[in-house]
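My entries follow in the order in which I made them.

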Amino acid sequence: MLILIKGGTVVTATDRYRGDVLIDGERVSLIGTSLDIQADKTIDATGRYVLPGGIDVHTHLDMPFGGTTSSDDFETGTIAAAHGGTTSIVDFAIQYKGQTLHHAWETWMKKAEGKAAIDYGFHMIVTDLDQQVEVEMDSLVRQGVTSFKLFMAYPGVFMLDDATIFRALLRTSDNGGTICMHAENGGVIDVLVKRALAEGKTAPKYHALTRPARAEAEATHRAIAMAEMANVPIYIVHLSAAEALEMVTEARDRGVPAYAETCPQYLFLSYDNYEEPGFEGAKYVMSPPLRPKETQAKLWRGLAFHDLQVVSTDHCPFCIKEQKEPLGKDDFSKIPNGAPGIETRMGLVYDGGVLTRRISLNRFVELTSTAPAKIFGMFPRKGTIAPGSDADIVIFNPEKSTMLSARTHHMKVDYNPYEGRQITGVTETVLSRGRLVIENEKFVGRAGSGSFIKRDPRSL
Ligand code: URP
Ligand code: ZN
Ligand code: ZN
């Protein structure tokens, strides 16, 4: 099957030109300024950007957490992702204590198979690291599961001590894997949470008030220092605080390979959201929490000046209004942590980043597609438009506006954190390895047509 995308403006992390793109089967086969080829299907992209498909390297689909399960599974979540211009995700498979990593990987593969409408990979959440599990890490890296998430927070659930973290870092230094770190000081937070509850402070805003920015900065600094001692790069997930960003910047200025992602919620929402009336603040309970509004400009600067490398979503939705008795109504520490965003990332970052001139169009592509592909071993198969790369392509209308709302979004969750926000820039048509999945804003793909992405080990 030959598909020709004609008349659009091709944008990659480095280029922007008027170009026609020919797709042969699953791959891009030819790019030219004016291709005169009889294809099986021709898509008119006049007035549109032709972008590499978005890559979201931080999602939690069908994940048991906080006494419930995230409400999007691999079918609903990946369809919503495609609507928003994302064609690849890297989700998290959890190793529970006493389990092997392979068991966890197989469990999450079963959740995705037959359901995912776009391609997917996995990071492993490691909670139990003995000698045998260290050996398994090597084997997983060889099999294309090349990254591992460790937690410095959630004591008794996910949190690891420094010695265990250091062992994992040393192992990835040898096997080419990458450690993704949830950097918050879990011990400090636990004490603050218990103290707040003892004082009768139960409302959602106390989730934020018991997770200080300094607890994130301290853990970020410690994580980077341990990676430096293990002589291996590190990737900090969902960075939210300006104080934590300072730690990343300081390390990078010294030439230490520290990478970090932030997420749209930290760029567009703030602590003020926790002050919404009633139990509304629960919609924003996530870890790390939303920070003061002034942080947003600092994070945008970090993105523009390459101290932050990636915008992912940490999509982890939980319904709130649907429940008769919402979890955590009388105790903020029982509100499941996480918020939706898999569908709204590209539009928000384009509207709030490119149109406001905080970042360039090329940087937008880099942050949402190319850099995650490079850091997590998918480039140049994914993350760019080039002959031989997978035909994961988004046809994006930069002029069209839309309103974000739970009434119209495709995520399976009963609220949208950006409800009523007007954005300009709309994903109209999406191809995933040459298959049309979204056409004129309608899903035309098939659940189960996404494939596992076997990722490459770290090259640097
Ligand atoms: O609140 C969050 N971030 N929920 C998802 C789990 C995690 O720590 O990424
Ligand atoms: Zn986390
Ligand atoms: Zn997460």
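**Metal sites in the predicted model**

The zinc ion (ligand 3) has His-58 (NE2), His-60 (NE2) and Asp-314 (OD) as its protein donors, at 1.9 to 2.1 Å. Along the sequence, the spacing of these donor residues reads H-x1-H-x253-D. His-60 and Asp-314 thus join distant parts of the chain, 254 residues apart. I located His-60 in the loop between β6 (54-59) and β7 (64-65), and Asp-314 in the loop between β15 (310-311) and α11 (345-354).

I next checked the geometry. The site of the zinc ion (ligand 3) is tetrahedral, with angles of 90 to 131 degrees among its four donor atoms. I classed the site this way because four donors count as tetrahedral if all angles lie between 85 and 135 degrees. For reference, I noted that the ideal angle for four tetrahedral donors is 109.5 degrees.

How far apart are the zinc ion (ligand 3) and the zinc ion (ligand 2)? I found a separation of 4.0 Å.

I turned to the zinc ion (ligand 2), which is coordinated at 2.1 Å by Lys-149 (NZ), His-182 (ND1) and His-238 (NE2). I recorded the sequence spacing of its donor residues as K-x32-H-x55-H. Lys-149 lies in strand β11 (residues 147-151) and His-182 in strand β12 (residues 178-182), a pair 33 residues apart that links distant parts of the chain.

Are Lys-149 and His-182 buried or exposed? I noted both as buried.

Terms used
Residues numbered from 1 in each chain as written. Chains lettered and ligands numbered in written order. Predicted model: local features only at pLDDT ≥ 70, side-chain atom pairs only at ≥ 80, totals over all residues. Heavy atoms only, no water. Donors = N, O, S within 2.8 Å, 3.2 Å for Na, K, Ca; no water. Tetrahedral: all angles 85-135°; square planar, octahedral: opposite > 155°, others 65-115°. Helix = DSSP H or I, 4+ residues; strand = E, 2+ residues; numbered from the N terminus. Buried < 20%, exposed > 50% of the residue type's maximum accessible area, 1.4 Å probe, protein only.
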